[in-house]
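Trainee: I would like to learn how to read packing features from a model. Could you take me through some of them?

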Amino acid sequence: VPTLHMTSIYSLLYEFPGASYIASAHLTRLTNLLSKASKGHYGKDTAVLFRQTARDSIGSVMPAKSLELKHTIKLIQELTSEIDEIEAAIKQIMDEEIKSPILTIPGISYRMGAMIIAEIGDFNRFDSADKILAYAGMSPSTYQSGQLDNCRSRMEKRGSRYLRYALYNATKYVCHWDKSFGAYLEKKRSEGKHYNVALSHAAKKLVRTIFAMEKSGQPYIASV
């Protein structure tokens, strides 16, 4: 399987928490479980492969570990359910109460959009996009060395790290889904800038775009 963190695999390991359990499982039961949990993606062939692999396994039988595995899977499922509930509530709040134009930007999800809005708060607190950049700790700072000023610059690490995280991650997706942002990122890369430096420039462009949209209330319009 591509990853262990799949509904079908969780269902399999919760029902059969160990190689010995899978090895002795009835094929019909194993097939039905996999088919239902994977919505038909895995069938009898996969069940046969899993059972034979379990029979060939050299793993030891450890009842305590099997019990721990079942409890861990149950905890993961409970937390996943809670996350889904929270994200559904976030979507409802964003759609019905906040109604921010930020969601019209390709690549910005409800989760990232909500995080950005929550961290910035009232946009009227800021009279420019640069103030938001400073608040996020994305303004360049200058080192001083002896008598030399402006010898090299870096990004500030002050400010809201949650906002900084949301902006950088949102920028990655926006650059992927929006042609104008993608072209801007490539332009900076073609100038010889490291990917992270180029991304920081795109993130600043995104902040200025978001600021203008929130002030005007207008949806995103991609530049040509």
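This is a predicted model: local features need pLDDT of at least 70, side-chain atom pairs count only at pLDDT 80 or more; totals for chains, interfaces and linings use all residues.

Trainee: Which residues touch the most other members of the largest nonpolar core?

Mentor: In soluble globular proteins, nonpolar side chains tend to be buried together. A nonpolar core is a set of buried Ala, Val, Leu, Ile, Met, Phe, Trp, Tyr and Cys residues joined through side-chain atoms within 4.5 Å. Buried means under 20% relative accessible area, exposed over 50%, and partly exposed in between, with a 1.4 Å probe and protein chains only. Here the largest core has 35 residues, and Ile102, Ile105, Ile108, Ile116, Leu206 and Ile210 touch the most other members. Two or more residues each come from α6 (110–120), α7 (129–135), α8 (161–177), α9 (179–190) and α10 (195–216). Helix α10 gives the most, with nine residues. Helices (H or I, at least four residues) and strands (E, at least two) are DSSP runs, numbered from the N terminus.

Trainee: What is Ile105 in contact with, leaving aside its neighbours within four places in sequence?

Mentor: Contact means heavy atoms within 4.5 Å. With those neighbours set aside, Ile105 is in contact with Val174, Leu206, Ile210, Met213 and Tyr220. Another core, of 15 residues, lies apart from the largest one and includes Ala23, Leu34, Tyr42 and Ala47.

Trainee: At what angle do α6 and α8 cross?

Mentor: Two packed helices are described by the angle between their axes and the distance between the axes. Axes are lines fitted to C-alpha atoms, for helices over the stretch in contact, and angles run from 0 to 180 degrees between N-to-C directions. The axes of α6 and α8 cross at roughly 145 degrees and come within 9 Å. Their crossing is left-handed; that word applies if the near helix is turned anticlockwise from the far one by less than a right angle, and right-handed applies if clockwise. On the α6 side, Met112, Met115, Ile116, Glu119 and Ile120 meet α8 residues, among them Tyr162, Leu163 and Tyr165.

Trainee: Which way does α1 pass α3, left-handed or right-handed?

Mentor: That crossing is right-handed. Helix α1 (residues 7–15) packs against α3 at about 145 degrees, with the axes 8 Å apart. Thr7, Ser8, Ser11, Leu12 and Glu15 in α1 meet Arg29, Leu30, Leu33, Leu34 and Ala37 in α3. The buried residues of α1 are Ser8, Ile9, Tyr10 and Leu12, and what covers them includes α2 (19–23), α3, α4 and α5.

Trainee: How many aromatic pairs does the structure hold?

Mentor: There are two aromatic pairs. A pair of aromatic rings is described by the distance of the centres and the angle of the planes. Rings of Phe, Tyr and Trp (its six-membered ring) pair if their centres lie within 6.5 Å; planes under 30 degrees apart count as stacked, over 60 as edge-to-face and the rest as tilted. Phe126 and Tyr135 are tilted, at 5.6 Å centre to centre and 55 degrees between the planes. Phe126 is buried at 7% relative accessible area, whereas Tyr135 is partly exposed at 32%. For Phe181 and Tyr220, the centres are 6.4 Å apart and the planes at 40 degrees, so this pair is tilted too. Phe181 lies in α9 and Tyr220 in the segment after α10, so the pair ties together parts 39 residues apart in sequence.

Trainee: Where does the charged end of Arg125 sit?

Mentor: A charge sits over a ring if NZ of Lys or CZ of Arg is within 6 Å of the ring centre and within 35 degrees of the ring normal. The charged end of Arg125 sits over the ring of Tyr135, 5.6 Å from its centre. Likewise, the charged end of Lys205 sits over the Tyr184 ring, 5.3 Å from its centre.

Trainee: What is phi of Lys39 near?

Mentor: Phi of Lys39 is near 55 degrees, a positive value in a residue other than glycine. Lys39 lies in the loop between α3 (27–37) and α4 (44–56), and Lys39 is exposed at 80% relative accessibility.

Technical notes
Residues are numbered from 1 along each chain as its sequence is written. Side-chain values use heavy atoms; hydrogens and water are left out.
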